[in-house]
Amino acid sequence: MTLVSFGADVFASVRRKEQRAWDYCHLRALMQDDRRKSVQPMDSRLSDGNEQNL
């Protein structure tokens, strides 16, 4: 199972498209190797990150 298909299954119940997009962005940030899982470090690691939306 890929991260994309896993995310699609997990976030299927989220009705709003933009919320699903940010949920998937958050999931990608959590799956990275860095130990810091707070919002600011995750935001800095993602090219499409947005601290306010994470």
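Colleague: Let me start with S44. Is S44 buried or exposed?

Modeller: S44 is exposed, with a relative accessible area of 60%. Do keep in mind that this is a predicted model.

Colleague: Noted. Where is S44 found?

Modeller: S44 is in helix α3, and α3 covers residues 39-45.

Colleague: And what separates the C-alpha atoms of S44 and R20?

Modeller: Their C-alpha atoms are 20 Å apart, and along the chain the two residues are separated by 24 residues.

Colleague: Let's zoom out. How many helices and strands does the protein have?

Modeller: There are three helices and zero strands. Going along the sequence, the pattern reads α-α-α.

Colleague: How does the radius of gyration compare with the globule rule?

Modeller: The radius of gyration is 11 Å, close to the 10 Å that the globule rule gives for 54 residues, so the protein is as compact as a globular protein of that length.

Colleague: What share of the residues count as buried?

Modeller: Of the 54 residues, 20% count as buried. Some of them are in α2, where C25, L27 and A29 are buried.

Colleague: What covers the buried residues of α2?

Modeller: The cover includes α1 and α3.

Colleague: Tell me about α2 itself. How many residues does it have, and how far does it reach?

Modeller: Helix α2 runs over residues 17-30, which is 14 residues. From its first C-alpha to its last it reaches 20 Å, close to the 20 Å expected at 1.5 Å a residue.

Colleague: New topic: charges. How many salt bridges does a search of the whole structure find?

Modeller: The search turns up one. In that salt bridge the side chains of E18 and R16 meet, at 2.6 Å from N to O.

Colleague: How accessible are the two partners, E18 and R16?

Modeller: E18 is partly exposed, because its relative accessibility of 38% falls between the 20% and 50% cut-offs. R16 is also partly exposed, at 47%.

Colleague: What about the outside? How much accessible surface is there, and what share belongs to carbon and sulfur atoms?

Modeller: The accessible surface comes to about 4100 Å², and 50% of that belongs to carbon and sulfur atoms.

Colleague: Which residues make the nonpolar surface patch?

Modeller: M1, F6 and V10 make a patch of about 330 Å². M1 is in the segment before α1, a helix covering residues 3-10. M1 is exposed, with a relative accessible area of 76%.

Colleague: Now the other end of the model. Where does E51 lie, and what does E51 touch?

Modeller: E51 lies in the segment after α3. Leaving aside residues up to four places away in sequence, E51 touches V39, Q40 and D43. E51 is partly exposed, with a relative accessible area of 38%.

Colleague: And how far is the C-alpha of E51 from that of P41?

Modeller: They are separated by 9.2 Å, with the two residues ten apart along the chain.

Colleague: You mentioned Q40. Where does Q40 lie, and how accessible is Q40?

Modeller: Q40 lies in helix α3 and counts as partly exposed, at 46% relative accessibility. From C-alpha to C-alpha, Q40 and Q52 are 9.6 Å apart in space, and they are twelve residues apart in sequence.

Colleague: Last one! Among contacts between residues at least 6 apart in sequence, what share join residues at least 24 apart?

Modeller: That share is 24%.

Colleague: Thanks, that helps me find my way around!

Terms used:
Residues numbered from 1 in each chain as written. Predicted model: local features only at pLDDT ≥ 70, side-chain atom pairs only at ≥ 80, totals over all residues. Heavy atoms only, no water. Patch = residues over 30% accessible without salt bridge, like charges linked within 9 Å, V, L, I, M, F, W, Y side chains within 5 Å. Areas by Shrake-Rupley, 256 points an atom, 1.4 Å probe, with all protein chains shown as cover. Salt bridge = Lys/Arg side-chain N within 4 Å of Asp/Glu carboxyl O. Helix = DSSP H or I, 4+ residues; strand = E, 2+ residues; numbered from the N terminus. Buried < 20%, exposed > 50% of the residue type's maximum accessible area, 1.4 Å probe, protein only. Expected span 1.5 Å × (residues − 1). Contact = heavy atoms within 4.5 Å. Rg over C-alpha atoms; globule rule 2.2 N^0.38 Å.
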